Amino acid sequence: MPRTVLLAEDDRAIRHALERALTLEGYRVTAVADGVEALAQAHRTPPDVLVLDVMMPGIDGLQVCRVLRAEGDRTPILMLTALVETQDRIAGLDAGADDYVVKPFDVEEVFARLRALLRRTSEENGTAVPVKNVAKPEPDRFLEAAGLRMDPQARRAWRGRRELELTRTEFELLELLVRNAGIVLDHSTIYDRIWGYDFGPGSKNLAVYVGYLRRKIDEPGAPQLIQTVRGVGYVLRED
């Protein structure tokens, strides 16, 4: 099976050229133009490796990298950067990137670095994947609010009788909202509790994750459980 690459690059010419080159090299490529779509695609169909441009509008490559690493996602990440200062490269590595290529780059260098990252990952992945805990949770461990039920210890959640399939970050965000049902949580509080840092006022990262949760927990014809309080944040309540 060909290795899969998720490429995020806002420059159309570079994105198309690199997508074509990678495809000809034998990779199966999904190319997107920004960090928001990169995160969405990474959650929908996890790739074998990510290639992220550092400077993208909205959520940039560094932020995408930080979010994935905070979730425990260890997929190898190659950063594309026009920033040549040492501190800029260090920032990328500190964010969790595995390697970087400086623009303008030779496509053969990109190929070589991808081969090295994938080879390293194959060598490291000789251990068994942990089996998901499917034990039935004890009733006294439940958190309940607005028709939702959660078991934080088993990391399971339900709406009614339907079990929700949530990522680590989605689960933690929903747990925070359930524990504070009816209370409006501002953006800074949520960022601090879930990610440990604030992406800043221009970031769409929180809105992206709220969107993920809404698609998973809301039901046709039923009220939207996670409500937006404009200019403030979000609240979980069932009107």
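1. A contact here means heavy atoms within 4.5 Å. Among contacts in the protein chain between residues at least 6 apart in sequence, those joining residues at least 24 apart make up 56%.

2. Some ground rules before the details. This is a predicted model, in which local features need pLDDT of at least 70 and side-chain atom pairs count only at pLDDT 80 or more, while totals for chains, interfaces and linings use all residues. Residues are numbered from 1 along each chain as its sequence is written, and side-chain values use heavy atoms, with hydrogens and water left out.

3. On the overall make-up, the protein chain holds eight helices and 12 strands, taken as DSSP runs numbered from the N terminus (helices: H or I, at least four residues; strands: E, at least two). Of its 239 residues, 45% are buried, that is, under 20% relative accessible area with a 1.4 Å probe, counting protein chains only (exposed is over 50%, partly exposed in between). The chain exposes about 12,700 Å², with carbon and sulfur atoms supplying 49% of that area, by the Shrake-Rupley method with a 1.4 Å probe.

4. Val5 has Val29 in S2 as its bridge partner. Together with helix H1 (residues 12-24), S1 and S2 form a right-handed β-α-β unit: with the strands pointing away from the viewer, the path from the first strand over the helix to the second runs clockwise.

5. Is Thr75 buried or exposed? Thr75 counts as buried because its relative accessibility is 13%. Thr75 sits in the loop between helix H3 (61-70) and strand S4 (77-81). Leaving aside residues up to four places away in sequence, Thr75 touches Pro47, Asp48, Val49, Leu50, Arg69 and Asp98.

6. Finally, the open sheet of four strands: the order is S6-S7-S8-S9, with antiparallel pairing. Strand S6 (143-145) and strand S9 (162-164) are the edges, each pairing on one side only. The twist averages 25 degrees from one strand to the next, with axes fitted to C-alpha atoms (for helices, over the stretch in contact) and angles from 0 to 180 degrees between N-to-C directions. Helix H6 (residues 168-179) packs on the sheet, touching S6, S7, S8 and S9, and its direction makes about 115 degrees with that of S7.

Definitions and conventions: Two strands pair if DSSP finds at least two bridges between them.
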